[in-house]
Amino acid sequence: MNKIKSIDELMEYIKDGMTIMVGGFMGVGTPEMLIDAIVKKNVKDLTIIANDTGLPDKGVGKLVVNKQVKKVIASHIGLNPETGKQMNSGEITVELVPQGTLAEQIRCGGAGIGGFLTETGIGTAVEDGKQKLKVNQKEFILELPLRADIALIGGSIVDRQGNIFYNASTRNFNPLIATAADLVVVGAEKIVEVGEIDPNHVMTPGIFVDYIVGGEN
């Protein structure tokens, strides 16, 4: 199976109202080529799951600025003033999640686990509307798994089967979200032949990856 697609071919899968997970931390490790293509297509009412909303001109922030997002699930939004502005005006809904909790929710979504118990958020707004359980006289919040229709990940070096190497901090949330979506697309900086990546350097196995775009750099 040839996993390599053009950006235009890939955009056929992106529809209004989808839930999309996006890798990256402050835009580092985010597949900008895919974000730019979604901005160009101008799909609407997206739910975005990501560590943050990037900057106004970088990463997920471009989607927010272009008003394509109806809901954000993230650990912080402070680097993108436009997110806060739209949240305060009621244009988008923002669900802020402690970063470790967000990572574990995605991991559970990828592993088929029904949820997990955590003390993080007890006694704060984080617990609002959530089930709480006592274990050995300690109270925990039950946090539920997160999954998406599509995951967009950024890979530094990707072979034709989708095996991925992430350079340095570009790794961040990318390996997690690669497991937690129905369709997984990697925007590759460089595409190589199978066998050119040392197996010890593969950080996301190709079995998780449906399609590859990019490689021009």
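The side chains of D36 and K62 meet in a salt bridge, with 2.7 Å from N to O; the term denotes a side-chain nitrogen of Lys or Arg within 4 Å of a carboxyl oxygen of Asp or Glu. D36 lies in helix α2 and K62 in helix α3, so this pair ties together parts that are 26 residues apart in sequence. Helices (H or I, at least four residues) and strands (E, at least two) are DSSP runs, numbered from the N terminus.

Before I go on, a word on conventions. This is a predicted model, in which local features need pLDDT of at least 70 and side-chain atom pairs count only at pLDDT 80 or more, whereas totals for chains, interfaces and linings use all residues. Residues are numbered from 1 along each chain as its sequence is written, and side-chain values use heavy atoms, with hydrogens and water left out.

K62 counts as buried because its relative accessible area is 19%. E32, at 21%, is partly exposed, and D36, at 37%, is partly exposed as well.

The structure holds eleven salt bridges. One further example is the pair of E143 and K130, whose closest N and O atoms are 3.0 Å apart. E143 belongs to strand β7, residues 138-143, while K130 is in the loop between β5 (116-118) and β6 (132-135), 13 residues apart. E143 is buried, because its relative accessibility is 2%; K130, at 27%, is partly exposed.

Both of these residues bring us to the largest pocket. Which residues line this pocket? They are I73, E95, V97, Q105, G129, K130, Q131, L142, E143, L144, P145 and L146. The volume is about 170 Å³, and the lining divides into six nonpolar, three polar and three charged residues. In this count Ala, Val, Leu, Ile, Met, Phe, Trp, Tyr, Cys and Pro are nonpolar, Asp, Glu, Lys and Arg are charged, and the others, Gly among them, are polar.

For pockets and cavities, a 1 Å grid is laid over the protein atoms alone: a cavity is a set of points where a 1.4 Å probe fits but cannot get out, a pocket is an open set with protein on both sides within 12 Å along at least five of seven lines, and lining residues have an atom within 4 Å of a point. Grid points are joined across faces, edges and corners, and the volume is the space filled by probe spheres set on the points.

How many cavities of 30 Å³ or more does a search of the whole structure find? The search finds one. About 50 Å³ of space lies in the largest cavity. Of the 13 residues that line this cavity, G23, G24, T30, D52 and V60 are the closest to its centre. The lining comprises five nonpolar, seven polar and one charged residue.

On the surface, F25, M26 and L79 form a nonpolar patch with about 240 Å² of accessible area together. Patches are made of residues with over 30% relative accessible area and no salt bridge, like charges being joined within 9 Å and nonpolar side chains (Val, Leu, Ile, Met, Phe, Trp, Tyr) within 5 Å. Areas come from the Shrake-Rupley method with a 1.4 Å probe, and for residues only the protein chains shown count as cover. M26 is placed in the loop between β1 (19-22) and α2 (32-41), and it is partly exposed, at 39% relative accessibility.

I close with two backbone entries. D45, in the loop between α2 and β2 (46-49), has a phi near 60 degrees, a positive value in a residue other than glycine. D45 is partly exposed, at 44% relative accessible area. Q137, which is not a glycine either, has a positive phi of about 70 degrees. Q137 is found in the loop between β6 and β7 and is exposed, because its relative accessible area is 70%.

Key
Buried means under 20% relative accessible area, exposed over 50%, partly exposed in between (1.4 Å probe, protein chains only).
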